[in-house]
Amino acid sequence: MTDKNYRGLLLFALLVAIMALIDPLCAATESPKGGTAPASAAEPDHPLAAGKRSLDKGEYEKAIALLGAAYEKAPALGDYALLWRSSAYEKSEDTGRALADLKTIRERYKESPLLKQVRIREIELSRKRKDASTAKLFESFIKDHPSNTEVKFAYATFLKENNELQKAKPLFKEIYITVCPLSSRALAELSPADLTVEDMVKRGKALNTAWLFEESERIFREALRKDTQQFRSDILEGLALSLFRQKRYKEAAELYKQISSDYWRARSLYRAGEIDTLQAELPALTRTGDKRLATVLLAYGTKKRREGKIEEALALFNSVLAQYPAAKEETLWAIGWTHYLSRDYESALKILSQLAATYGDAKYAYWRDKSRELLAGPAPEQTPEPVKVSLARQESPRHTFYSFLSLVRGKQRLPGIKAADRPDTGNAALNPSLPPAHAERIDLLAKLGFRQEAVAELLHAAKKNPAPGDLIAVSASLKELGNYKMSMSTIAKVPYREDLHAFFYPVAYWPEVEEAARARGIDPYLVLSVMREESRFAPDARSIAGALGLMQLMPQTARQLNRNAGVRLSQSSDLYDPTVNIQLGAYYLSHLVNKMGSIPLALAAYNGGEDAVNDWLGKGTYKTIDEFIEDIPYDETRDYVKKVMTTYFEYLRRSADGDLSASRNRLGNL
């Protein structure tokens, strides 16, 4: 290294130290607009980084020398240097030295997050050398990590290679039953005679849990053919569930009838639209005493209410109230809400007041106070007073969807986040530091460009040190590294505080979001809100339904949008690119807001589909947008709209001190 380079590194180190004194957590801080300053540049000449590059290139002798130097120069990361050097030794056919490096890690770095990898590498090398201790190493690891199917499969293969097939088969069977990437390979090691009907039932249940319903159906039908009545009830129950989840409700209802599963029979009949059959069976169903039937009866009553059969709905709700006392809260809400939408505000007020007083839920208080207001009627030209919402169920003074609604209705500003209370302003009191040992390792890994390793270190630190201060420090560092999902997951373990707002609601991918929002004429904070609730800012997110990326776009929808959005989308995997995903998502969201006329309706369409929203609006008689939100038929869509709206309000608190003037006309009539 030249003197010039050495002086440059010293100046760089000094700058980092100064920044750390100013803000221990945020060497890369959020800008006033919410953007993120670029992370410090990597140090490509450090022997650890150079050694890893040489290892990846197959330059093993060079890697051994560089990683040896790294072990001496940076002992804080000595376990990484030794782990990678052991790989270089192995590739050079020097397994003895490779094992020696792994042993050193275990002896000198007892708190290293690499210990699991070290044990796996020791097993691989021991197996390669055909050591007598290999089987014990396998068994010890599996005992400590029973869910690791990769090592379990390797052990089963090892046993097979050593003519211990009878000992290997139970492991192959266990892996097959578990839904994992190795299941098909494990099945190939088994013969049909190795699998019992009980094994097939276990596999089918695991597939149902993993939402692989078509495969589950196939397994259960095969099990049904082989069964000798011993497992018939379990098979039919699993098969019925797979059909129910495939929305084949009528078939599911018939199977549930065979096994006398009254609750699921009723649910299936209701979903299948077999209302006459459900009506005929109701007396017998209610006599079973199954408390879960209350939810089906409430859904049935709600259907009657939506059809305008108010008296029938109320009669059914009152019968549920009498027969199912455990469902009292849900039933009272159904009664109160029916009165409210029927414009019988006096009856609604009576029920909602009882709910608010008994359970303290913000929802009940909001509609209670609105009922009272509608009964009294505001004076001419008078703005209604903001509704005071009970927060009895909140564990911290955190705002709810309903408290935000009351502020919007009262035409008030949202409570802003004071600059002095933000953890991204250099306030050391709000920025607890990581323990020095962790901080040194993580800082150096990040500087060397090993971001994934730095994230793993942080998660390891959170697991080892779950105290609130440490979790806050870990969350801040994860946010700094751009891993917003794990940052939010970590901070969620800490009770919400105003000064931690930026960690609960990070301004992620701000340059891309701001550019896309400006181009599409939409509020960037609304785009952020959808991203937060859809993917927790994970660019590689994939839903069970196949939605991809930050804004969880379906490939088919994305291709349709791309025709007008002008975004380059050549294949579905392009949706994992944050820029592409945000551009398409912002375009779609802007399209929906303009078409539907308000943000809540657009969010409902984003989740439930435009046709469904138009159908709900056509059949409903909603006077205000909050009534529509509360009455969305799909539970998932209703909860989604509330969550995204709440998140949007939280971001607006940070923006312009809670000023709603720019977005109020897009929120709809309240």
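Predicted model: local features only at pLDDT ≥ 70, side-chain atom pairs only at ≥ 80, totals over all residues.

Reply: Residues are numbered from 1 along each chain as its sequence is written, and side-chain values use heavy atoms, with hydrogens and water left out.

Me: How many aromatic pairs does a search of the whole structure find?

Reply: Rings of Phe, Tyr and Trp (its six-membered ring) pair if their centres lie within 6.5 Å; planes under 30 degrees apart are stacked, over 60 edge-to-face and the rest tilted. Run over the whole structure, the search for aromatic pairs gives 32.

Me: Which kind of pair do the rings of Phe-244 and Tyr-249 make?

Reply: Their centres are 5.0 Å apart. The planes meet at 70°, so the pair is edge-to-face.

Me: Is Tyr-249 buried or exposed?

Reply: Buried means under 20% relative accessible area, exposed over 50%, and partly exposed in between (1.4 Å probe, protein chains only). Tyr-249 has a relative accessible area of 13%, so the label is buried.

Me: And what about the rings of Tyr-366 and Tyr-402, which kind of pair are they?

Reply: The centres of Tyr-366 and Tyr-402 lie 5.6 Å apart. With the planes at 50°, the pair is therefore tilted.

Me: Where in the chain do Tyr-366 and Tyr-402 sit, and how many residues apart are they?

Reply: Helices (H or I, at least four residues) and strands (E, at least two) are DSSP runs, numbered from the N terminus. Tyr-366 is in helix H21 (residues 362-376) and Tyr-402 in helix H22 (residues 401-409). The pair links distant parts of the chain, 36 residues apart.

Me: Which ring does the charged end of Lys-363 sit over?

Reply: A charge counts as over a ring if NZ of Lys or CZ of Arg is within 6 Å of the ring centre and within 35 degrees of the ring normal. The charged end of Lys-363 is 4.2 Å from the centre of the ring in question, that of Trp-333.

Me: Which residue forms a salt bridge with Arg-218?

Reply: A salt bridge needs a side-chain nitrogen of Lys or Arg within 4 Å of a carboxyl oxygen of Asp or Glu. Here the closest N and O atoms are 3.5 Å apart. Both residues lie in helix H12 (residues 213-226), 4 residues apart, about one turn of the helix. The partner of Arg-218 is Glu-222.
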